[in-house]
Amino acid sequence: MRGVPTRPIPPIRIGWGYDIHRLEPTPPRGSGRPFLLGGVEIEHDRGPIGQTDADTLLHAITDALLGAMGMPNMGTLFQKEDHHAQDSRIYLDEACRRMRDAGWEIGNLDATIILERPRIAAHKGEICRSVAKCLRVPQGRVNVKSKTHEGLDAIGKGRGVEVQVCVLLHYVGLSATRRVGRHKGGYL
Ligand SMILES: [Zn+2]
């Protein structure tokens, strides 16, 4: 088409993920679930509400990976495909499988957790290690940081947790083994 640049684009893609969950008192005072962030349980008198284990960080990461591949978000995609797992790692694993099947690998991932209480500075190392393990990447490719909401709005009153994630993918192609595997397995 005239006027459209024909230079090849770099083999990278970015994805953006966002998630929010309401926090309610844990039993017996309420129905808040154990407070998971990146697969790590955080001690708190409130926990998230959700249909899955409500791991806000893993949900935002899953959406970032799917978004980078131009796919619908986690809720839309897996509901359509009739997935009903409680463990959020199952959805993240599936997003990773699709990413690697298409020849992409994670360059780096940067996450911000917005949470008034509890302070999670002491858990950041463990959360990074857990997320890197879930994604099967070196820990240096994962960065997790946190902020409060300065007492503003529901998040600032401690009634929710919010996560924003940015991920960079780079194209590594399909290895010979995986090409054979895909062919034999009939993926193509
Ligand atoms: Zn969620």
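Two strands count as paired if DSSP finds at least two bridges between them. Helices (H or I, at least four residues) and strands (E, at least two) are DSSP runs, numbered from the N terminus. This is a predicted model, where local features need pLDDT of at least 70 and side-chain atom pairs count only at pLDDT 80 or more, while totals for chains, interfaces and linings use all residues. Residues are numbered from 1 along each chain as its sequence is written.

**View 1. The whole protein, before we zoom in.** You'll find 6 helices and 7 strands here. Walk along the sequence and the pattern goes β-β-β-β-α-α-α-β-α-β-α-β-α. Taken along the principal axes, the C-alpha atoms fill a box of roughly 60 × 40 × 30 Å. Of the 188 residues, 34% are buried (20 or more other C-beta atoms within 10 Å of the residue's own, with C-beta atoms placed from the backbone).

**View 2. Strand S1 alongside strand S7.** S1 covers residues 12-25 and S7 covers residues 160-171; they run antiparallel and are joined by 11 bridges. Gly 17 has its own bridge partner in S7, namely Val 165.

**View 3. Strand S1 meets strand S4.** S4 is the stretch of residues 46-48, and it pairs with S1 in the antiparallel sense over 3 bridges. Find Glu 24, then hop across to Gly 47, its bridge partner in S4.

**View 4. Strand S5 alongside strand S7.** S7 turns up again here, this time with S5 (residues 104-114): 10 bridges join them, and they run antiparallel. Trp 104 stands opposite Tyr 171 in S7.

**View 5. Helix H1 packed against helix H3.** Two packed helices are described by the angle between their axes and the distance between the axes. H1 (residues 56-68) and H3 (residues 88-101) pack at about 20°, with axes 9 Å apart, so H1 is roughly parallel to H3 (angles under 35 degrees count as roughly parallel). The axes are lines fitted to C-alpha atoms, for helices over the stretch in contact, and angles run from 0 to 180 degrees between N-to-C directions.

**View 6. Who touches whom between H1 and H3.** Contact means that the C-beta atoms of two residues, placed from the backbone, lie within 7 Å. On the H1 side, the residues include Leu 58, Ile 61 and Leu 65, and those they meet in H3 include Tyr 91, Leu 92 and Met 99.

How values were computed. A residue is buried if 20 or more other C-beta atoms lie within 10 Å of its own, exposed if 12 or fewer, and partly exposed in between; C-beta atoms are placed from the backbone. Angles under 35 degrees count as roughly parallel, over 145 as roughly antiparallel, 65 to 115 as roughly perpendicular and the rest as oblique.
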